[in-house]
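Subject: Structure handover and findings

Hello,

Here is the structure you asked to look at. My notes on it follow below.

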Amino acid sequence: MITLTENTVAVMKAVLFRANEPMEGFRIMVQAGGCAGFKYLIGLESFSREGDAIIEADGVKVFVDVDSQPHVHGMTVDFITGSEFAGFIFDNPNAREKCACGKSFS
């Protein structure tokens with residue numbers, strides 16, 4: 001369903017290790033909003049929920065709720081660092097258009 005690059009897995013492992021309380025993994029969601037219609041949300045998650053798809057890569061779990069699953073099917077998540085930007089990049093084959101920041105799509 002979702003592919004995580006090696007950079008993404010490494011960053012996620014580091015964040016999970018530094019979390020103040022034990023976390024099970026990350027949640028990736030799609031919600032209405034952003035400048036292009038939908039936006040991605042990503043954050044720490046302490047448990048899976050009913051209907052979640054669970055993607056596991058090298059010991060890192062990512063949870064995707066039922067409503068978000070069709071929007072992210074086939075997506076690759078990368079983490080890049082540069083002189084002006086560091087963050088997650090979503091390469092989503094389901095997105096017809098995306099905004100300049102890459103965080104929202106339609």
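A salt bridge here is a side-chain nitrogen of Lys or Arg within 4 Å of a carboxyl oxygen of Asp or Glu. By that rule, a search of the whole structure finds 5 salt bridges. Please keep in mind that this is a predicted model.

Salt bridges

One of them is formed by lysine 13 and aspartate 58, whose closest N and O atoms are 2.9 Å apart. This pair links distant parts of the chain: lysine 13 is in helix 1 (residues 6-18), while aspartate 58 is in the loop between strand 4 and strand 5, 45 residues apart. Lysine 13 is partly exposed, with a relative accessible area of 36%. Aspartate 58 counts as exposed because its relative accessible area is 59% and the limit for that class is over 50%.

Another salt bridge is made by the side chains of arginine 27 and glutamate 45, at 2.5 Å from N to O. Here too the pair links distant parts of the chain, with arginine 27 in strand 2 and glutamate 45 in strand 3, 18 residues apart. Are these two residues buried or exposed? Arginine 27 has a relative accessible area of 5% and is therefore buried, and glutamate 45, at 7%, is buried as well; the cut-off for buried is under 20%.

Glutamate 45 also forms a salt bridge with arginine 49, where the closest N and O atoms are 3.3 Å apart. Arginine 49 is partly exposed, with a relative accessible area of 41%. Salt bridges that share partners join Arg27, Glu45, Arg49 and Asp52 into one network.

Strand 3 and its surroundings

Glutamate 45 belongs to strand 3 (residues 37-45). Leaving aside neighbours within four places in sequence, glutamate 45 is in contact with Met23, Glu24, Gly25, Phe26, Arg27 and Phe63. Strand 2 (residues 25-33) and strand 3 run antiparallel and are joined by 9 bridges. Within this pairing, glycine 25 has glutamate 45 as its bridge partner in strand 3.

Glycine 37 is in strand 3 too. Its relative accessibility is 35%, so glycine 37 counts as partly exposed. Not counting residues up to four places away in sequence, glycine 37 touches Gln31, Ala32 and Phe105.

Strands 4 and 5

Strand 2 is also joined to strand 5 by 3 bridges, and these two strands run parallel. In that pairing, isoleucine 28 stands opposite valine 64 in strand 5. Strand 5 (residues 60-64) pairs with strand 4 as well, in the antiparallel sense and over 5 bridges. There, valine 64 in strand 5 stands opposite alanine 53.

Strand 4 (residues 53-57) has a covered face made of Ala53, Ile55 and Ala57, and an uncovered one made of Ile54 and Glu56. How many residues lie between strand 4 and strand 5 in the hairpin they form? There are 2. Aspartate 58, which is in the turn, has a positive phi of about 50 degrees, in a residue other than glycine. This is the aspartate that pairs with lysine 13 in a salt bridge.

Glutamine 69

Glutamine 69 is in helix 2 (residues 69-72). Its relative accessibility of 17% means that glutamine 69 counts as buried. The side chain of glutamine 69 reaches the backbone oxygen of valine 64 at 3.0 Å. Not counting residues up to four places away in sequence, glutamine 69 touches Met1, Gly51, Asp52, Ala53 and Val64.

Surface patch

Ile80, Phe85 and Ile89 make a nonpolar surface patch of about 220 Å². Phenylalanine 85 lies in the loop between strand 6 (75-81) and strand 7 (86-91). With a relative accessible area of 36%, phenylalanine 85 is partly exposed.

Regards

Key
Residues are numbered from 1 along each chain as its sequence is written. This is a predicted model: local features need pLDDT of at least 70, side-chain atom pairs count only at pLDDT 80 or more; totals for chains, interfaces and linings use all residues. Side-chain values use heavy atoms; hydrogens and water are left out. Buried means under 20% relative accessible area, exposed over 50%, partly exposed in between (1.4 Å probe, protein chains only). Helices (H or I, at least four residues) and strands (E, at least two) are DSSP runs, numbered from the N terminus. Two strands pair if DSSP finds at least two bridges between them. A polar contact is a pair of N or O atoms within 3.5 Å; within protein, one must be able to donate a hydrogen and the other to accept it, and residues adjacent in sequence count only if both atoms are side-chain atoms. Contact means heavy atoms within 4.5 Å. Patches are made of residues with over 30% relative accessible area and no salt bridge: like charges are joined within 9 Å, nonpolar side chains (Val, Leu, Ile, Met, Phe, Trp, Tyr) within 5 Å. Accessible areas come from the Shrake-Rupley method with a 1.4 Å probe; for residues, only the protein chains shown count as cover.
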